[in-house]
Amino acid sequence: MAPETISVRCCIAGGGPAGMMLGYLLARAGVQVLVLEKHADFLRDFRGDTIHPSTLEVMYELGLLEEFLRLPHQKVYELNAQVGQMEVTIADFRHLPTRCRFIALMPQWDFLNFLAEQAARFPSFALRMETEVTGLLQESGRVIGVHANAPSGMIEVRADLIVGADGRNSIVREKAGLKVKDYGAPMDVLWFRLGRSPDDPIATMGRFDAGRIFIMINRGEYWQCGYVIAKGRFEEMRRQEFTAFRDEISRLAPFARDRVGELRAWDNVKLLTVRVDRLLEWFQPGLLCIGDAAHAMSPVGGVGINLAIQDAVAAGNVLVKPLRQRQVTIDHLRQIQRRRELPTRVTQWLQVTVQRRIIARVLGDRRPFSPPLAIRLLATVPFFRRVPARIVGLGLRPEHVRPEIAHLGENSS
Ligand SMILES: Cc1cc2nc3c(=O)[nH]c(=O)nc-3n(C[C@H](O)[C@H](O)[C@H](O)COP(=O)(O)OP(=O)(O)OC[C@H]3O[C@@H](n4cnc5c(N)ncnc54)[C@H](O)[C@@H]3O)c2cc1C
């Protein structure tokens, strides 16, 4: 049977933060857009629930902020950690030159559902869930569409532009043969949840000392916990008794000792392999990659979602007009990479530096960790906490929705 064929102006592979934000922006501007998401819903393994001040600013520019902040969330005004024996506030968001001077912690599925609902108000938006892109359609050296597996069978989508927003394991970038530079990561993260009790500390916290890195994020009723391990160590851990892992967590979070029994087996612990890489070129004729598909981000600093959203806003600003006029050129795509490459490059450099100078050293040495000068300065001079706050909260080149684009959507829903 011939596959169902669909024609749109823009087809986005992947309904993560990058894909859903770009889908929303294009639909709002009246561009016919189809987002293909391989999962049946937006529930996913924990990969950060952080909505940054810059994303909240974008929501404000789009007139969505008030409604968005009605969804349940927690506000984080500062990031704290114990590095070696030193308690340190790493970032203080209260001084940012922006409307919301906090990170909103919200389950990623709530954020993505919100974007999907808002986008669905525009007739030019379509989202197909359970539809996995499997390959690219190419003609005369240009990408002209994708193949995808949908519940109804194979479909073929033809579009003026294909956007790969399908994350770190992007099939789009692989099929396009785009070259990737890998920057390596010395660690992986084990994620799991522990119940929270009203007597527990309130602050989200991280502990970096004596061979161990442990993060606890306050999610109201539960703690989202991240236990960082040396890359590849999980297999060896799985061969040991699970009780040894539980004992370790009890030692690291004594106040939650009565709840570690909630962890029954390795099945309750999810391994997330960390990767840092970047495409040399984010585009080809007819194709653009954004978000993790263009540059996989380390969890260091929790900035990946932020960068993905910033890419989407920059792409929307450049692409709305040429997509409406059916005149997308390679120069438009190059312009997007030029705009986003430098902030991405610098952010990844900072992440790799922290991975090498702090994470690898803490994990590799069971002796007490002596914090480097930068951490000691953050602990003693509060003013310096504004720098990481800016990098994490706003990013190195915050993007704003162009007023004429934001204005377009006001009357088109
Ligand atoms: C352990 C860990 C913790 C992290 N913590 C944080 C944090 O606290 N804060 C933060 O900001 N960032 C964090 N990050 C980084 C962050 O998760 C990513 O940078 C961010 O999600 C990138 O968004 P994206 O939309 O580009 O890709 P993704 O979020 O990966 O979304 C891609 C989407 O594409 C879909 N997809 C994939 N393949 C296909 C296909 N073939 N067809 C159709 N759909 C497809 C996927 O199902 C997914 O929905 C963390 C990363 C890791 C590894």
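Entry one, charges over rings. I looked up R193 and found that R193 lies over the face of Y222, with 3.9 Å to the ring centre. I keep in mind throughout that this is a predicted model. I then turned to R99, which lies over the face of Y60, at 3.6 Å from the ring centre.

Entry two, aromatic pairs. I describe each pair of aromatic rings by the distance of the centres and the angle of the planes. The count I noted comes to 13 aromatic pairs. Of these I looked up F192 and F214, which form a stacked pair with 6.3 Å centre to centre and 20° between the planes. I placed F192 in strand β13 (residues 187-195) and F214 in strand β15 (residues 212-218), so the pair ties together parts that are 22 residues apart in sequence.

I went on to F234 and W266, an aromatic pair that is edge-to-face, with 5.5 Å centre to centre and 90° between the planes. Which parts of the chain does this pair link? I found F234 in helix α6 (residues 234-238) and W266 in the loop between α7 (242-252) and β17 (270-273), so that distant parts of the chain, 32 residues apart, are linked by the pair. As for accessibility, I noted 7% for F234, which counts as buried, and 10% for W266, which counts as buried too.

I wanted to know which residues the ring pairs link into a cluster. I listed F192, F214, Y227, F234, F242, F245 and W266 as its members, and I note that the stacked pair of F192 and F214 and the edge-to-face pair of F234 and W266 belong to residues on that list.

I located G84 in the loop between β5 (78-83) and β6 (86-92). Its relative accessibility is 0%, and G84 therefore counts as buried. What does G84 touch, once residues up to four places away in sequence are not counted? I found F208, D209 and F369 as its contacts under that condition. Lastly I looked up G84 against K175, 91 residues apart along the chain, and recorded a separation of 45 Å between their C-alpha atoms.

Methods. Residues numbered from 1 in each chain as written. Predicted model: local features only at pLDDT ≥ 70, side-chain atom pairs only at ≥ 80, totals over all residues. Heavy atoms only, no water. Helix = DSSP H or I, 4+ residues; strand = E, 2+ residues; numbered from the N terminus. Buried < 20%, exposed > 50% of the residue type's maximum accessible area, 1.4 Å probe, protein only. Contact = heavy atoms within 4.5 Å. Phe/Tyr/Trp six-rings, centres within 6.5 Å; stacked < 30°, edge-to-face > 60°. Lys NZ or Arg CZ within 6 Å of the ring centre and 35° of its normal.
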